Amino acid sequence: MQTVDQTLDQLVERARALAIPGTRTILGITGSPGAGKSTVAEALLAGLGDLAVLVPMDGYHLANEVLLDLGRRDRKGAPDTFDAAGYVALLERLRDQRDEVVYAPRFLREIEEPIANSIAVHRSTPLIVTEGNYLLVDEGDFARVRPLIDEAWFLVPDDAVRQERLIARHMSYGKDPEAARAWALGTDEANARLVAATASHADHIIHVL
C-alpha cells in the first residue's frame with residue numbers, strides 16, 4: 001500500500017467527511033510508539049468540535065499494581081499489559097449506540113495510570129476517534145478490534161524522529177536521560193516492530209507533514 005503525505009489540516013478534512021450527523025463512525029489511528037497518534041487525534045478534535053470525541057486505547061492499560069502482580073511492569077506498553085477484551089467491549093457499546101451516554105476511561109501519563117469513566121461519549125456524537133498501538137493486531141483479543149473500526153489510519157514518521165520523541169516524552173514524565181533512552185530503544189522498539197507488521201491492515205498509510 002502506498003504511503004500518502006498529509007498535513008494535519010488535510011487529515012481534519014478527511015475526518016470531517018466521516019462525521020455525518022445521525023450516523024456513527026469509528027476512526028482508528030494507529031502506528032508505532034511515538035508515531036504522533038495523540039497529536040493527530042488532538043488536531044481532529046480541535047478541528048471537528050462536537051462532531052467527534054476521542055476514546056484512547058491507552059485507557060485500558062492495566063494498573064501498575066496489577067502489572068507488578070503479573071510480573072509485567074518492566075514491559076508496560078506491550079500487548080499483554082492491556083485489558084484488550086475490555087477495550088473491545090467498549091467499542092461494541094459505542095457501535096451499538098443503545099446508551100444515551102457511555103463513559104470511557106482515559107490514561108494520565110503524569111501518574112502512569114488509567115482513570116475510569118472519565119470521558120463522556122454521547123449517543124448523538126457521529127465520529128468516535130480511537131488511537132493506540134495495537135488496533136490492527138490480529139492475535140488474542142486485539143484481533144476483535146479491527147472489525148469494529150470503520151476506517152483505520154496507520155502513521156509512519158521517520159524512525160529517528162519517532163525515537164527522539166519517545167525519549168523526550170519519557171524524560172518529561174520523570175525518567176533520567178539514560179533510562180529514557182533505554183526504554184525507548186528497548187521496550188518501545190520491541191513493540192514498534194510488532195506494530196509495524198500490522199500496517200497492511202490499515203485503510204490508509206500516512207506520513208504527516
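Is T25 buried or exposed?

**View 1. T25 sits in strand 2.** T25 counts as buried, at 13% relative accessibility. Buried means under 20% relative accessible area, exposed means over 50%, and partly exposed lies in between (1.4 Å probe, protein chains only). Strands are DSSP runs of E with at least two residues; helices are runs of H or I with at least four; both are numbered from the N terminus. Leaving aside neighbours within four places in sequence, T25 is in contact with L18, P126, L127, I128 and D150. Contact means heavy atoms within 4.5 Å.

This is a predicted model: local features need pLDDT of at least 70, side-chain atom pairs count only at pLDDT 80 or more, and totals for chains, interfaces and linings use all residues. Residues are numbered from 1 along each chain as its sequence is written, and side-chain values use heavy atoms, with hydrogens and water left out.

**View 2. The largest nonpolar core holds 31 residues.** Such a core is a set of buried Ala, Val, Leu, Ile, Met, Phe, Trp, Tyr and Cys residues joined through side-chain atoms within 4.5 Å. Y87, L94, F142 and V145 touch the most other members. Helix 4 (84-96), strand 4 (101-108), strand 5 (113-122) and strand 7 (151-155) each supply at least two residues of this core. Helix 4 gives the largest share, 6 residues. Look next at L94: beyond its neighbours within four places in sequence, L94 is in contact with R24, V55, V102, V121 and I128. A second, separate core has 19 residues, including L27, V40, L48 and L54. In soluble globular proteins, nonpolar side chains tend to be buried together.

**View 3. Helix 1 (residues 8-16) has buried residues L11, V12 and A15.** They cover an arc of only 105 degrees around the axis, so they lie on the same side of helix 1. The arc is that of the directions from the helix axis to the C-beta atoms. What covers these buried residues includes strand 1 (3-6), strand 2 (25-30), helix 2 (37-48), strand 6 (127-131), strand 7 and strand 8 (204-208).

**View 4. L108, I111 and I115 make a nonpolar surface patch of about 220 Å².** Patches are made of residues with over 30% relative accessible area and no salt bridge; like charges are joined within 9 Å, and nonpolar side chains (Val, Leu, Ile, Met, Phe, Trp, Tyr) within 5 Å. Accessible areas come from the Shrake-Rupley method with a 1.4 Å probe; for residues, only the protein chains shown count as cover. L108 belongs to strand 4. L108 is partly exposed, with a relative accessible area of 31%.

**View 5. K76 and E112 join their side chains in a salt bridge (3.9 Å, N to O).** K76 lies in the loop between helix 3 (64-70) and helix 4, and E112 in the loop between strand 4 and strand 5, so the pair ties together parts that are 36 residues apart in sequence. A salt bridge is a side-chain nitrogen of Lys or Arg within 4 Å of a carboxyl oxygen of Asp or Glu. K76 is buried, at 6% relative accessible area. E112 is partly exposed, at 26%. The whole structure has 11 salt bridges.

**View 6. R146 and D203 meet in a salt bridge (2.9 Å, N to O).** R146 is in the loop between strand 6 and strand 7, and D203 is in the loop between helix 7 (187-196) and strand 8, 57 residues apart. D203 is partly exposed, at 33% relative accessible area.
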